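Me: I would like to learn how to read a structure, one feature at a time. Where shall we begin?

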Amino acid sequence: MFEECYLQQLLIKILAKASVNAAVPEEFPVIVREGVNEQDEKLRFYLNYSWEEQRVEVADDFEVVLGNGDSTKHEIYLSAWDVCIIKFEK
């Protein structure tokens with residue numbers, strides 16, 4: 001049996017070899033998903049699956065579509081069981 005940290009490292013390497021990479025590093029309780037809307041804008045969804053507030057750093061310039069964030073500080077803020085949707089600047 002693998003310890004969890006070693007199993008995660010192994011899976012990341014296997015997926016990277018298959019050209020499957022995460023859009024952003026994520027770690028429970030914050031789950032990150034991406035998509036494209038009808039206007040062909042790239043959206044990213046941050047979901048907080050916990051009772052504790054979370055703060056997430058975002059590397060790229062963005063605009064908050066739903067939720068709380070500060071694009072000047074490149075951060076979003078998630079309350080307990082909250083969601084934040086951001087749109088990336090072109």
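Reply: Begin with one residue. Tyr49 is partly exposed, with a relative accessible area of 39%. The classes work like this: buried is under 20% relative accessible area, exposed is over 50%, and partly exposed lies in between (1.4 Å probe, protein chains only). This is a predicted model, where local features need pLDDT of at least 70, side-chain atom pairs count only at pLDDT 80 or more, and totals for chains, interfaces and linings use all residues. Residues are numbered from 1 along each chain as its sequence is written, and side-chain values use heavy atoms, with hydrogens and water left out.

Me: How much of the chain counts as buried?

Reply: The chain has 90 residues, and 23% of them count as buried.

Me: How many helices and strands are there in the chain?

Reply: First the rule. Helices (H or I, at least four residues) and strands (E, at least two) are DSSP runs, numbered from the N terminus. Here there are 1 helix and 7 strands. Along the sequence the pattern reads α-β-β-β-β-β-β-β.

Me: Now the rings. How is a pair of aromatic rings described?

Reply: By two values: the distance of the centres and the angle of the planes. Rings of Phe, Tyr and Trp (its six-membered ring) pair if their centres lie within 6.5 Å; planes under 30 degrees apart are stacked, over 60 edge-to-face, and the rest tilted. That rule gives 2 aromatic pairs here. Take Tyr49 and Trp81: their ring centres are 6.2 Å apart and their planes stand at 80°, so this pair is edge-to-face.

Me: Where in the chain do Tyr49 and Trp81 lie?

Reply: In distant parts, 32 residues apart. Tyr49 is in the loop between strand E2 (42-48) and strand E3 (54-57). Trp81 is in the loop between strand E6 (75-78) and strand E7 (83-88). Trp81 is partly exposed, at 46% relative accessible area.

Me: Why is the pair of Trp51 and Trp81 edge-to-face?

Reply: Check the angle. The planes of Trp51 and Trp81 are at 80°, with centres 5.6 Å apart, so the pair is edge-to-face. This pair also links distant parts of the chain, 30 residues apart, with Trp51 in the loop between E2 and E3. Trp51 is exposed, with a relative accessible area of 71%. Tyr49, Trp51 and Trp81 form one aromatic cluster.

Me: Next, charges. How many salt bridges does the structure hold?

Reply: It holds 6. A salt bridge is a side-chain nitrogen of Lys or Arg within 4 Å of a carboxyl oxygen of Asp or Glu. Arg55 forms one with Glu75, the closest N and O atoms being 2.7 Å apart. The two lie 20 residues apart, Arg55 in strand E3 and Glu75 in strand E6. Glu75 is buried, at 14% relative accessible area, while Arg55 is partly exposed, at 46%. Arg55 also meets Glu57 in a salt bridge (3.6 Å, N to O). Glu57 is exposed, at 61%.

Me: Over which ring does the charged end of Lys42 sit?

Reply: A charge sits over a ring if NZ of Lys or CZ of Arg is within 6 Å of the ring centre and within 35 degrees of the ring normal. For Lys42 the ring is that of Phe88, with the charged end 4.9 Å from its centre.
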